[in-house]
Amino acid sequence: MGRWALDLAFVWKAVFTLGLVLLYYCFSIGITFYNKWLTKSFHFPLFMTMLHLAVIFLFSAMSRALVQCSSHRARVVLSWTDYLRRVAPTALATALDVGLSNWSFLYITVSLYTMTKSSAVLFILIFSLIFKLEELRAALVLVVLLIAVGLFMFTYKSTQFNVEGFALVLAASFIGGIRWTLTQLLLQKADLGLQNPIDTMFHLQPLMFLGLFPLFAVFEGLHLSTSEKIFRFQDTGLLLRVLGSLFLGGILAFGLGFSEFLLVSRTSSLTLSIAGIFKEVCTLLLAAHLLGDQISLVNWLGFALCLLGISLHVALKALHSRGNSGSKPLKNLGSSPDMELLLRTSQQEDKDNEEE
């Protein structure tokens, strides 16, 4: 009887974990294909991103209100000094990362975007070394080389290569390295109280919106103001369909952040990292099958090298974390470096609430 119960518990845990991974895949892969689909007919990716940020802020505010009503505890609200001096750099880097990524969909395929965006791990490692969040080791040099060579092979003689789109997404990956490093540094400042992901999203979105606005005003403002799809609309039905499509993207973006945290909180950051590797493979296969993206053998070999480098990084992170057994909990947080820290601090916050 005890053996049967143990097997049943194991099966239930495996099924539950698989369900969380699939939920994460639905939001993560879904928003990638959604962005590509929408930019084919709606050529204002920066405006699209800003509207997504507004939706995320709305859902974050609603979630904070619900949590506050249920727990009867006030949520953290930063002072203007802390908000502008300590949160603004992270918000600006995040806004540019997301904005440039969405902008690139005007020019490149989903497969090229996926491959190039996965190189963000390379830049995360570089900036982690600069900010001394990582120690220089031979294994890290090997990881950087594998990802860099893989990226070169994937883009080499690609029949669907676009310089402008590649430059945009590569810039986004570079800024993403700064973004995740700044996010990690921000979340280490326990005095700010932004360890809960909902509080973090709530505080980041307004500054992200303002950070993207000048870029939007320069490159899209005039064209959007004369577009019949938005400001000079003549068909109310078309306007509602466009706004509905944009609102859907905001829901997907909020769901992605929530599903990431849910997966980490119920399993581990290692599970999220491994799931992320297989997610890249699934995205490329779907792009080739559904969108007709052309991927040569050399491109596939380059992608394999890049995944090998990312897998090595994940394995080293897991071994390093196990070796330290919590002695350095703020380092080596992986491809989504805020998630594990958010989990630990949120668990501690829940524990403190129970004690009170």
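Predicted model: local features only at pLDDT ≥ 70, side-chain atom pairs only at ≥ 80, totals over all residues.
**Entry 1**

Two elements give two or more residues to the patch: α2 (45-71) and α10 (236-266). Of these, α10 gives the most, with three residues.

Residues are numbered from 1 along each chain as its sequence is written, and side-chain values use heavy atoms, with hydrogens and water left out.

I looked up Met62 and placed it in helix α2. Its relative accessible area is 45%, so Met62 is partly exposed. The cut-offs are under 20% relative accessible area for buried, over 50% for exposed, and partly exposed in between (1.4 Å probe, protein chains only).

Phe247 sits in helix α10. At 36% relative accessibility, Phe247 also counts as partly exposed. I then checked Phe247 against His52: the two are 195 residues apart in sequence, yet 6.8 Å apart in space, C-alpha to C-alpha.

**Entry 2. Overall make-up**

I went through the chain and listed 13 helices and zero strands. Helices (H or I, at least four residues) and strands (E, at least two) are DSSP runs, numbered from the N terminus. Of the 356 residues in the chain, 47% are buried.

**Entry 3. Salt bridges**

How many salt bridges does the structure hold? I have six salt bridges in the structure, a salt bridge being a side-chain nitrogen of Lys or Arg within 4 Å of a carboxyl oxygen of Asp or Glu. Side chains of opposite charge can pair when their charged atoms come close.

I took Asp199 with Arg64, where the closest N and O atoms are 2.6 Å apart. Asp199 lies in helix α8 (residues 197-219) and Arg64 in helix α2, so this pair ties together parts that are 135 residues apart in sequence. Both Asp199 and Arg64 are buried.

Another pair is Asp97 and Lys117, whose side chains meet at 2.9 Å, N to O. Asp97 is in helix α3 and Lys117 in helix α4 (residues 110-117), so to speak distant parts of the chain, 20 residues apart. Asp97 is buried at a relative accessible area of 2%, and Lys117 is buried at 19%.

Within helix α3 (residues 80-104) I found Arg86 and Asp82, four residues apart, about one turn of the helix. Their salt bridge has its closest N and O atoms 3.6 Å apart. Arg86 counts as partly exposed at 24% relative accessibility, and Asp82 is partly exposed with a relative accessible area of 24%.

Two packed helices are described by the angle between their axes and the distance between the axes. Axes are lines fitted to C-alpha atoms, for helices over the stretch in contact, and angles run from 0 to 180 degrees between N-to-C directions.

I checked α2 against α3: they pack at an angle of about 135°, with axes 8 Å apart. That makes α2 oblique to α3. Angles under 35 degrees count as roughly parallel, over 145 as roughly antiparallel, 65 to 115 as roughly perpendicular and the rest as oblique. The crossing of α2 past α3 is right-handed.

With α8, α2 packs at an angle of about 160°, and the axes are 9 Å apart. This makes α2 roughly antiparallel to α8. Here α2 passes in a left-handed crossing. A crossing is left-handed if the near helix is turned anticlockwise from the far one by less than a right angle, and right-handed if clockwise.

**Entry 4. Loop residue**

Last, I looked at His72, placed in the loop between α2 and α3. Its phi is near 60°, a positive value in a residue other than glycine. Most residues other than glycine have a negative phi. His72 is exposed, with a relative accessible area of 71%.
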